[in-house]
Amino acid sequence: MHTVIILSKHSSDLLREYRYLFQPFVDKGAISFCDWNESGTDLETSVPDLYKQIRGKVDWRTVIVSAEPVYGNRKGPVPDEKNPFDFPAEAVKAAEDAVPQDSAIPLVRLTHMICGYPAAPVKNFEEAYEYVDVETGVTHRVRASELSREEFYALSEQYRDGLRPIYLQERVSEKAEKARKALEEKYTFSDVRPQEVYLFSLRRHPDDENYIYESWKSPFEMESSDFSRRNNYPASAVLSAAILRIRRTAAIPENWWNSGWAY
């Protein structure tokens with residue numbers, strides 16, 4: 001399976017002196033590199049070479065590498081100190097806005113371009129009733145909020161045990177529905193989407209050996225959370241973080257790939 005490695009500017013800078021190690025695989029056509037402009041708002045402005053890299057390839061995966069969280073001069077949304085994939089402030093803003101919009105987070109926005117805009121999450125349910133029309137045999141569902149007291153009593157009297165209480169997903173406003181459809185259309189893909197999507201990011205840690213080893217055992221990191229959902233990452237994306245030590249090589253356990261960062 002062909003692998004397209006998508007690199008942000010800082011990621012590309014970090015790998016520049018090691019790119020020769022990948023050259024044999026590039027020559028064999030096993031991998032290819034694609035530059036990523038984080039300020040882009042669509043495939044053409046974000047990863048203009050992507051379609052060229054995957055032309056004629058039915059089976060392919062992508063590895064997106066973002067080194068931005070370790071740079072203090074980062075512009076735009078700021079990730080959590082421990083989790084470079086979690087952007088709490090942006091997640092709060094998105095939760096408060098009932099109308100879906102383009103993500104302000106470059107990494108999340110790129111996953112939408114490649115994987116498609118995620119389906120609407122089910123947030124809340126409301127009471128409703130279901131019954132089968134005795135004349136037509138058609139099943140009807142009606143929300144409790146839409147029934148007056150008299151209408152409810154009339155249905156109860158007519159269908160008795162046949163009137164079953166159920167729960168339906170709360171309705172989405174017309175404005176929100178139109179906005180979501182517009183995003184789904186915007187993030188269509190004119191070629192075959194990747195079978196696998198991997199996201200890699202870096203994070204800083206204090207120069208403390210014990211701190212690093214303990215962080216891999218922490219329940220916070222060893223147990224999955226809902227950060228992927230609240231940041232609106234596609235369900236198909238696999239996220240993994242690595243530690244960057246500024247002065248020397250990070251003390252990362254050999255089984256780090258099996259740690260809690262691989263979701």
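Which residues make the nonpolar surface patch of about 350 Å²? They are Y18, Y20 and L21. Before I go on, note that this is a predicted model.

Y18 sits in the loop between α1 (9-15) and α2 (23-27). Its relative accessible area is 39%, so Y18 counts as partly exposed.

Next, a residue from a strand. L168 belongs to β6, which covers residues 164-169. Is L168 buried or exposed? L168 is buried, because its relative accessible area is 13% and the cut-off for buried is under 20%. Leaving out residues up to four places away in sequence, L168 touches N124, F125, E126, A128, R141 and R143. Now look at V142. V142 and L168 are 26 residues apart in sequence, and their C-alpha atoms are 9.2 Å apart in space.

Now the cysteines. A disulfide is a covalent bond between the sulfur atoms of two cysteines. How many disulfides does the structure hold? The count is zero. As for cover, C34 is buried, with a relative accessible area of 1%, whereas C115 is partly exposed at 21%.

That leaves the aromatic rings. A pair of aromatic rings is described by two values, the distance of the centres and the angle of the planes. The model has eight aromatic pairs. I will go through two.

Where do the two residues sit in the chain? Y51 is in helix α4 (residues 50-54), while F189 is in the loop between α8 (174-186) and β7 (196-204). They are 138 residues apart, so the pair links distant parts of the chain. Y51 is partly exposed, with 27% relative accessibility, and F189 is buried, with 12%.

The other is Y129 with F152, also a tilted pair, at 5.2 Å centre to centre and 45 degrees between the planes. Here strand β4 (residues 125-132) supplies Y129, and helix α7 (residues 149-159) supplies F152. These two residues are 23 apart, and this pair too links distant parts of the chain. Y129 is buried, with a relative accessible area of 17%; F152 is partly exposed, with 27%.

Last, back to Y51 and F189. Ring pairs link these two residues and W60 into a cluster.

Terms used: Residues numbered from 1 in each chain as written. Predicted model: local features only at pLDDT ≥ 70, side-chain atom pairs only at ≥ 80, totals over all residues. Heavy atoms only, no water. Patch = residues over 30% accessible without salt bridge, like charges linked within 9 Å, V, L, I, M, F, W, Y side chains within 5 Å. Areas by Shrake-Rupley, 256 points an atom, 1.4 Å probe, with all protein chains shown as cover. Salt bridge = Lys/Arg side-chain N within 4 Å of Asp/Glu carboxyl O. Helix = DSSP H or I, 4+ residues; strand = E, 2+ residues; numbered from the N terminus. Buried < 20%, exposed > 50% of the residue type's maximum accessible area, 1.4 Å probe, protein only. Contact = heavy atoms within 4.5 Å. Disulfide = S-S within 2.5 Å. Phe/Tyr/Trp six-rings, centres within 6.5 Å; stacked < 30°, edge-to-face > 60°.
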